[in-house]
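Trainee: Hey, could we go through a structure together? I'd like to learn how to read one.

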Amino acid sequence: MVMEMRSRTPSSTGLAFESSIASAGWAQLPPWLKDLKESALQRHQQLGLPTRRQESWRFVDLSPLTDRAYAPLSGSLPTLPPQALEAFLHPESNEFRLVFLNGRYVPTLSSVASLPPGAIITELSQAISEYPELVQPYLDTEIGPESMDTFHDLNTAAFEHGVFMYLPDNTVLETPIQIMFVIHNLQEAPLAVYPRGLFIIGQSAQVTVTTTYLGLPESEHYLNNSVFQWILKENAQLNWMILQTESPNSVHLASTALNLAQDSQANIFTTTFGGQLSRQNLHVRLLGDNAHCALNGLSVLNGTSQGHDRTQIDHVSPHCCSEQLYKSILADQSRSEFDGTIVIHRGAALSQADQLNRTLLLSDEAKVHTRPQLRIDNDDVKCSHGATVGQLNEDELFYLASRGLSEQLSRTLLTLGFAGEIIEKIPVQSMQQHLRALVSQQLNASETKQTLKTGGS
Amino acid sequence: MSSLESIANQEYRYGFKTAIESEIIPKGLTEETIRLISAKKNEPAFMLDFRMKAFHHWKKMIEPKWAHVHYPEIDYQDIIYYAAPKAPKVKPKDLEEVDPELLRTFDKLGISLSEQKRLTGVPMAVDAVFDSVSVATTFKKDLLKKGIIFCSFSEAVLEYPELVEKYLGSVVPYTDNFFAALNSAVFSDGSFCYVPKNTICPMDLSTYFRINTEGSGQFERTLIICDDYSKVSYLEGCTAPMFDTNQLHAAVVELVALESAEIKYSTVQNWYAGDPKTGKGGIYNFVTKRGKCQGNNSHISWTQVETGSAITWKYPSCILQGDNSKGEFYSVALTNHLQQADTGTKMIHIGKNTSSTIISKGISAGKSANSYRGQVSVKKSAQGARNYTQCDSMLIGGQCEANTFPYIDVQNSSAKVEHEASTSKISEEQLFYFRQRGIGTEEAVSAIINGFCKDVFRELPGEFAVEATRLLGLKLENSVG
């Protein structure tokens with residue numbers, strides 16, 4: 001097998017994270033949760049930190065993570081600078097917004113308007129005490145082995161706060177819900193936060209969620225290790241957009257597991273702009289007939305950022321359909337990796353799976369690794385995957401230049417066009433505009449001075 | 001259907017064993033074994049030194065497990081590392097003196113060792129390797145007149161040691177991988193070819209590998225050097241008798257293309273694949289093949305048709321070092337019954353404006369597993385590098401597996417890399433269309449498969465293309481119900 005997720009010998013450095021887990025409070029937790037956390041911690045300790053000998057971590061430089069000892073938040077929350085969040089707030093979500101600062105829920109910045117009967121959107125620790133019968137059966141259960149890596153276990157052991165959503169059958173939420181994880185680390189020690197999300201979408205329920213990770217630029221080092229779990233019941237529909245704008249000296253490790261039941265549909269967008277090291281591990285299991293998922297990714301990186309997207313889609317049931325489009329734009333010495341696997345299980349006849357990864361290299365110092373993989377155990381399928389790596393087309397640049405556009409503007413326009421294919425599919429208007437602004441901003445911030453290469457290809 | 005079934009159920013055609021007296025060294029691998037092999041071949045000191053270094057390195061290595069294949073642990077002490085037909089006291093000077101039993105064996109395999117012209121009128125030079133030694137090489141003298149050296153590896157070691165020493169291990173060092181290290185330590189024979197400057201080789205060269213002795217492994221080594229502005233086309237074929245035990249075939253092939261040289265290497269691999277029902281026996285084909293486009297404007301092209309072996313594990317690769325050099329890989333890999341294949345290529349772009357093309361067609365039937373694994377790596381220096389990859393899989397039946405594991409690493413912004421892959425099956429509609437026009441299912445499948453593989457077969461030299469088409473048809477019979 002190519003993908004060996006678990007190292008055989010535990011590495012001692014893995015234990016460094018123990019200090020970042022506030023295990024003192026475990027005594028107050030309900031026994032089932034305490035057990036869950038203890039066994040997760042045990043697994044995490046056994047697995048240790050991944051090494052580059054493991055296939056799925058081969059291109060991940062973990063030094064930003066291992067060079068520091070991370071500690072949990074101590075003391076009170078810092079005050080946010082005025083207008084710090086302004087640009088990141090989606091006006092569409094003014095009625096439904098949950099804001100977390102340094103991993104803690106901040107009710108004063110959040111608002112949850114009246115919900116349809118039976119629907120729950122609340123902070124996770126509160127949900128655990130108020131609705132244990134809804135949380136316990138789902139939390140950390142029914143997750144595929146590919147999602148359960150050492151950082152998933154670390155989060156399970158360490159999380160304190162998070163989001164819990166429960167939509168009863170046939171509940172349709174028209175307004176998008178915004179969840180923000182803001183980090184403003186002013187303490188000297190590197191901070192570790194462990195956001196957790198559990199979302200249960202009932203039969204024929206519909207919802208749109210945006211998740212914003214925002215690291216304020218003056219923040220000290222931090223680790224953001226999040227785990228999101230989605231359960232989509234029959235015919236449920238989900239749109240989920242992730243915007244990652246962590247600060248340049250952060251490590252962002254996100255792991256998401258989605259279970260899709262019959263006829264359900266998930267459209268997911270992940271956009272990556274920040275972080276020194278960022279890794280998204282997205283694992284979708286199409287468990288019921290005719291489930292459909294579309295994953296879209298956009299990474300715009302500069303400086304020495306490294307962004308890693310790992311996806312796995314398991315076609316377990318027949319008639320399911322999956323689409324993936326991942327695009328990266330790399331400037332300066334940035335690095336990106338796309339490691340996507342489609343697995344068609346034996347019984348999954350009439351599956352359709354498409355996967356495409358496209359990379360735009362804007363600098364000779366940038367690097368890309370792409371591995372679009374197919375594992376097919378059924379003959380009645382239609383699968384395709386593709387990858388391209390290239391640069392901006394000289395002819396197109398010339399065309400724009402000949403019409404009087406400056407070179408810088410031409411490049412930005414073409415690059416925006418490249419990113420546009422993803423951005424324009426996003427169903428929240430204000431997020432589209434914000435993303436376009438972020439792409440231009442990111443390009444302007446890149447050190448690479450783009451000049452038309454003369455006489456060469 | 002009855003006649004078809006009888007063809008389908010026919011046994012592996014090349015499964016016979018030649019009754020010939022063989023000289024076999026005891027099983028097991030120690031320093032002594034290596035000294036013995038080296039002494040048997042009267043090798044110069046540098047060879048023994050190379051073997052010993054490889055052996056000591058191999059002992060430190062761990063057998064790799066990353067391929068998508070499953071097999072029981074191999075006991076490396078339970079293999080015969082050297083088996084050769086008993087040599088006459090005097091080495092045969094020409095073909096008349098070669099043991100007639102051996103000539104008959106190769107005749108039966110359809111390989112004529114007599115220097116007659118083939119039906120097509122174009123002669124082909126053959127180096128016939130039987131177990132651990134080369135038994136005959138045809139057209140040697142004719143080729144030498146043009147300055148082309150084509151002989152067995154052992155002969156080259158004795159007669160052209162300077163060439164061997166210079167190039168041996170220059171493309172696949174003994175440290176490269178577990179099986180290459182093992183091969184470097186114990187390889188017994190193989191083919192050697194040197195094409196001097198400004199020479200276009202007048203005929204196709206070929207090596208035919210035959211494993212005969214039960215329990216023996218075949219570890220051959222091929223080295224082809226094509227000097228400036230020269231060109232050669234090389235073919236390789238292989239078969240083995242049917243035994244219940246698995247046999248290891250760990251070969252190394254090294255190609256060196258100097259300035260503006262062109263090497264075309266074609267393989268039709270049809271080792272015994274093991275029992276179709278139980279999977280018992282068959283060859284483990286763990287081969288390291290690599291070509292180096294050392295000079296500018298050089299060109300290496302690999303074409304392979306993999307139909308046999310219980311397990312195939314090979315990645316014919318190109319190191320594109322010279323500017324404007326070009327690498328190509330065309331592959332058809334067919335697995336049926338319980339066969340497993342993990343095959344593909346590596347294209348390493350180092351020089352400027354280098355280009356590579358990968359066309360891979362995988363066909364899985366029965367309960368087999370077929371994986372494409374390929375790497376395209378564009379280094380920082382490879383300004384203007386270009387790659388196009390297409391790998392298609394076809395599945396026949398619901399119990400087989402088709403996997404694609406491409407690795408693309410790009411470090412140069414002017415590079416253009418494209419990868420495309422698709423997976424499909426033969427649809428009922430397609431078959432219906434054929435049947436409507438009076439063409440039976442088997443024939444229809446064969447026509448569809450041949451169309452699927454056309455891009456690769458086109459690259460094979462004439463007779464090989466015919467052979468490959470026929471072979472594919474035979475291998476797939478009765479796999480569509």
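Trainee: What's the mean pLDDT of chain A?
Mentor: The mean for chain A is 89, and 94% of its residues reach 70 or more. pLDDT is the predictor's confidence in each residue, on a scale from 0 to 100. This is a predicted model, so to speak of a local feature we need a pLDDT of at least 70, and side-chain atom pairs count only at 80 or more, while totals for chains, interfaces and linings use all residues. Residues are numbered from 1 along each chain as its sequence is written, and chains are lettered from A and ligands numbered from 1 in the order in which they are written.

Trainee: Where in chain A does pLDDT stay under 50?
Mentor: Over residues 1-15, for which the model has 36 contacts beyond four places in sequence, and over residues 449-457, which have six such contacts. Two residues are in contact if their C-beta atoms, placed from the backbone, lie within 7 Å. Where pLDDT is low, the predicted coordinates should not be read in detail.

Trainee: And what does chain B average?
Mentor: Chain B averages a pLDDT of 85, with 91% of the residues scoring at least 70. In chain B the pLDDT is below 50 over residues 1-10, a stretch with six contacts beyond near neighbours in sequence. Residues 117-121 of chain B are also below 50, with five contacts of that kind.

Trainee: What ipTM does the complex get?
Mentor: The predictor gives an ipTM of 0.79 and a pTM of 0.85.

Trainee: OK, shape. How many helices and strands has chain A?
Mentor: Chain A has eight helices and 21 strands. Those are DSSP runs numbered from the N terminus: helices are H or I with at least four residues, strands are E with at least two. The radius of gyration of chain A is 22 Å, close to the 23 Å that the globule rule gives for 457 residues, so chain A is as compact as a globular protein of that length. That radius is taken over C-alpha atoms, and the rule is 2.2 Å times the number of residues to the power 0.38.

Trainee: How much of chain A counts as buried?
Mentor: 51% of its 457 residues. Buried means that 20 or more other C-beta atoms lie within 10 Å of the residue's own, exposed means 12 or fewer, and partly exposed is in between, with C-beta atoms placed from the backbone.

Trainee: Which residues touch the most other members of the largest nonpolar core?
Mentor: Ile201(A), Leu232(A), Leu260(A), Cys226(B) and Ile263(B), in a core of 251 residues. Strand β10 (residues 222-232) of chain A gives the largest share, seven residues. A nonpolar core is a set of buried Ala, Val, Leu, Ile, Met, Phe, Trp, Tyr and Cys residues joined through C-beta atoms within 7 Å.

Trainee: What does Leu260(A) touch?
Mentor: Not counting residues up to four places away in sequence, its contacts include Leu232(A), Ala266(A), Val284(A) and Cys293(A).

Trainee: New topic: how many residues are in contact between the chains?
Mentor: 33 residues of chain A are in contact with 34 residues of chain B. On chain A, β20 (367-376) and β21 (381-390) each supply at least two residues of the side that touches chain B.

Trainee: Is β3(B) enclosed or exposed?
Mentor: Six of the seven residues of β3 (residues 124-130) of chain B are buried, so this strand is largely enclosed by the rest of the structure. Seven bridges join β3(B) to β7 (residues 204-210) of chain B, and the two run parallel. Ala125(B) stands opposite Leu205(B) there. β3(B) also pairs with β4 (residues 133-137) of chain B, antiparallel over four bridges.

Trainee: What's the phi of Asp131(B) in that hairpin?
Mentor: Positive, near 50°, and the hairpin has two residues between the strands. Most residues other than glycine have a negative phi.

Trainee: Where is Asn235(A) found?
Mentor: In the loop between β10 and β11 (237-245) of chain A. Asn235(A) has a positive phi too, near 65°, and counts as buried with 21 C-beta neighbours inside 10 Å.

Note on methods:
Two strands pair if DSSP finds at least two bridges between them.
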